[in-house]
Amino acid sequence: GSAQAPHAEQFTLMVQGKKEKIVGDNQAIVTDLEAKTFSLIYPTPKVLKQLPFPGDPPTLAIVAGPALDADYKKTGNTRTIAGYSCDEYVATVSSRYTATTVSSCFATSFPGAAEFNAFRQGLLNKLGEAGVKVSASLPEGILMAQESSTRLEEEKLTDLSPAVVRRLRRQAMRTASNFTKIEVKKIEVKDIPSDTFQLPSGYSD
């Protein structure tokens, strides 16, 4: 099969008080801790969808990060990303037939850390109340970089029929190329216009 070029999407994340806005190429997400909602804004078709916590898996992964319930272990290594030092962690997430290895780097000292960390802790607390499993080993701070890859665990396939094993291997080949990488490029503290977190009017749901 032909290899697809990796797709890179840039996100801008803004936090103020109990609200956060993430702006991507084709959508924006406003998280409101007091209302306990994710508001998904799609400017091109002018669509606004509001999801109560805990939202759906794709939204949760963008806002809170993937692998919230994984067992994180500190590697002892540090890296410098966008000018800030971060501590490396590794975690493995197992599903029925696959294992995903997640390598992350979290920074605790950066501009605006107190406000960001207060929002993040509030978000994790609210998500926990809404039934999301949040690991006690989930590192504090801001995620500066993360890489994840998924592999098929062959030892779990012994009781399956050959046809099912072939299908799972085909799926694994596709997801093996689905390597994901996140990296922060810049952190800054600046005044945010008061209407940044307002939801647009005239949008349909």
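Reader: Which residues have the most contacts inside the largest nonpolar core, and how many residues does that core have?
Author: The core has 37 residues, and Phe38, Tyr72, Leu123, Leu127 and Met144 have the most contacts inside it. A nonpolar core here is a set of buried Ala, Val, Leu, Ile, Met, Phe, Trp, Tyr and Cys residues joined through side-chain atoms within 4.5 Å; buried means under 20% relative accessible area, exposed over 50%, partly exposed in between (1.4 Å probe, protein chains only).

Reader: Which helix gives the largest share of this core?
Author: Helix 2, with 6 residues. Helices (H or I, at least four residues) and strands (E, at least two) are DSSP runs, numbered from the N terminus.

Reader: What is the model based on?
Author: This is a predicted model, where local features need pLDDT of at least 70, side-chain atom pairs count only at pLDDT 80 or more, and totals for chains, interfaces and linings use all residues. Residues are numbered from 1 along each chain as its sequence is written, and side-chain values use heavy atoms, with hydrogens and water left out.

Reader: Switching to the open sheet: what is its strand order?
Author: The order is 1-2-3-4-5, with antiparallel pairing. Two strands pair if DSSP finds at least two bridges between them.

Reader: Which are the edge strands?
Author: Strand 1 (12-16) and strand 5 (47-52).

Reader: And what does leucine 40 bridge to in strand 5?
Author: Lysine 49. Strands 4 and 5 pair over 6 bridges.

Reader: Valine 184, buried or exposed?
Author: Buried, because its relative accessibility is 16%. Valine 184 sits in the segment after strand 10 (180-183).
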